Amino acid sequence: MTRANAAHAEACLDDKAWRMGAESAETRVAARGAATRRSPTPPVATLALAVAVMAAILLTFQHLRAEREVALTEAALEVGMRARIVAAELDAALQLQPKTSPAEVLRRVLDANPAERLARTALIDARGRKIAADPPASESGSEPDVDDALPVQSGQSEAARVTDDRAGDRFVVARPLAATSGRVVFASPVEPHLAAWRRAATVTVVLLAFTVALILAAAGLYAADARARLKRLREESARRARVNLALNRGRCGLWTWDLNRGWIVWSASMFGVLDLAERSGHWTVADLQSLVHPEDMSLETLARLAVERAGDYVDVEFRMRAANGRWVWLRKRAEVVEDEETGGATLVGIAFDVTERKREAEESATADQRLREAIDAISEAFVLWDSSHQLVLCNSKYQRLHNIPESLVRSGAPYGGLATARNAGESFSAGREARTYEARLADGRWLQVNERRTRDGGFVSVGTDITALKEHEEQLMNSERLLLATVAQLRQSRRSLEEQAQQLVDLAERYHEQKAQAEAANRAKAEFLANMSHELRTPLNAIIGFSQLMGSQTFGPLGSEKYRDYCQHILSSGEYLLHVVSDILDMSRLEAGRERLSYSRFRADEAVGRAVQDVAATAREKRVSIAVAVEPEMAIEADAAAVERILTTLMRNAVKFAPEGGAVEIGAEAIADRIYFYVEDNGPGIEAEDIKRLGRPFEQGDAVMANGMKGSGLGLAIANSLVELHGGTLRLASRAGEGAVAIVALPRVQRGARAIALAKVA
């Protein structure tokens, strides 16, 4: 309704402005004719002229008073209508959002309806207390609040006029709210609503004053013709300035088109509409046609249409390019006027800037389209009927459920042709505002329909497909019967379960006994290995020592060179066996938890250098190149001997599995709070199933067994245990035939260590 009123008002403004331009032209013609006539004014005529002037003044002021009363009445109706619209929107929003704060709901409704927003709005609860206001007290300044004691005007369509000493005259209207049993009160100052009347009154008084002045000037022509002509010129200039001011303020302009010569003249305000620099002289048709949008009506077409409608005006809209390059929508009204003296045809018109109205129309169409798309996107069937039971809107879900053709939807079919329940309208006539019922369609599907009456007498329906729920209910009933039958079987099975539970208890007791025996055996194994390893080390030391003495022939030659070879074999075998025994002892201590780490701060490159030095001789024998990539300033807090042993074990494995002439790389990188050591070789690699087993005691890969390489299978197990004692991780990665890489991640700083001896870092 507001948009319709605005459009009507704009049309009236267009018509008044166009007629103003025409009347201005007629006034100039009349002034030129009056300048050529002279006639003395007798005393009787002077008296009659004075009486007529006084009567015109009295009638004018009486007319202005009547117009003011009409303006106040229209303003009261407008305030009442806007209050009704906002109250209806607010009541609906409060019902849809009962848990939302009334103040928040009021703000959303007012923001969504800026065109209907009044100067002051207050929300009153059922006890008469104000619970929300717009604008708030902090924003309203010293303006008095709305009268909360104003009675609810449920039967009136206009607002009441209230006079207050602090706030002056105001329109105040209150509307009841069904959602809160309270009311909403609106207030609007009277003065802004009289602005249009005041402008019209000012123009009327001014025109009356000028008319009286012209009459008096005409009466005094016999005294000073030159002075009267100058006065008329001044009056015409002032009137033209006021017209130009009104045109500039209204974003409109006047123009004339001499159809015979093709000259087009613009008023100064016309240049302001397009933000163009004012130019003297006239336009040509070609000049202006270059400013017109190529898709819109051409100027020649406009002129031809105006000539065809001689005696009537034409009303068209098209776009013209402004100074900054943007397109401005102009609404032009024009009429062909013939000059009485020359008979030439002139096209006289007025142009309005309607760009904002076009933009609002596009936004409104976009909002409507989004609303329709949103309704069509919901999963439930949605339909809206008006008070005459005519279809207003429905989504595709509703069309599919009821097999409604698109033609009926576009035409707005009556309720009886589309609804599933013929008595839905009758149920609402009984006085109910909402109802919910279930309906079964012809194809066997079930719908749960929620219907609610709208303010205009129609109703909205939302249907939810509950076929699956109905089927689920039937399944639940069948399941209940099966459940009752199953309960009896469960009771019978309960006895057997109790017997099985007793058996499980017995088995659990046996398991704990066997577990205790296994733990005792494991401890015995560890003690046996420790004792046996200790007993083996004593004779091994003697074997190694005597083999060294015999090999060096300390007490004389052995007699044969083969004896020296035998001594060397005995020495290497003894050292290997001693190394295996030491690994077994270390593994036993780690498994028994007797290994203690001694933390200190040292450089990572020192540990890497010792590991490389340990395998350097073996690498030279196999011609294996070793590459080192460690930053010299990288430090770590850990057990230096343990880290060195970890890296030495990994380097020995890498050199052992590297081919003749192969390559091994060892390095370290610091990332965040950890240091990552890596050892990589280009050997045969490790099978995926072997990677899972490596790292456990006495476990070796199939490639080691197949190639006959020596090893106890404890090196990686000891290295992994030492890494875990540091709180780190050891990972192996490899592909068969592409080499292998071992990555050790250790914390750079040990958290919670009892004592850390900080070593000096060079």
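Let's start with a pair of charged side chains: Asp111 and Arg107 meet in a salt bridge with an N to O distance of 3.2 Å, a salt bridge being a side-chain nitrogen of Lys or Arg within 4 Å of a carboxyl oxygen of Asp or Glu. This is a predicted model, in which local features need pLDDT of at least 70 and side-chain atom pairs count only at pLDDT 80 or more, while totals for chains, interfaces and linings use all residues. Residues are numbered from 1 along each chain as its sequence is written, and side-chain values use heavy atoms, leaving out hydrogens and water.

Asp111 and Arg107 both sit in helix H3 (residues 102-112), four residues apart, or about one turn of the helix. Helices (H or I, at least four residues) and strands (E, at least two) are DSSP runs numbered from the N terminus. Asp111 is partly exposed, with a relative accessible area of 39%; buried means under 20%, exposed over 50%, and partly exposed in between, with a 1.4 Å probe and protein chains only.

Now follow the chain to Arg319, which is buried at 17% relative accessibility. The side chains of Arg319 and Asp296 meet in a salt bridge of 3.0 Å, N to O. Asp296 lies in the loop between H9 and H10 and Arg319 in strand S9, so this pair ties together parts that are 23 residues apart in sequence. Arg319 forms a salt bridge with Glu295 too, where the closest N and O atoms are 3.8 Å apart. Glu295 is exposed, with a relative accessible area of 65%.

Strand S9 (residues 314-321) runs antiparallel to strand S10 (residues 327-338), and eight bridges join them; two strands pair if DSSP finds at least two bridges between them. Glu317 has Arg331 in S10 as its bridge partner. Five residues lie between the strands of this hairpin, and Gly325 takes a positive phi near 90°.

Further along, five strands form an open sheet in the order S13-S12-S16-S15-S14, with antiparallel pairing. Strands S13 (391-394) and S14 (434-440) stand at the edges, each with a single partner strand, so one side of each is left without a neighbour in the sheet. Within this sheet, seven bridges join S15 (residues 446-453) to S16 (residues 459-465), and Asn450 stands opposite Val462 in S16.

Finally, look at Tyr566 in helix H16. Tyr566 is partly exposed, with a relative accessible area of 47%.
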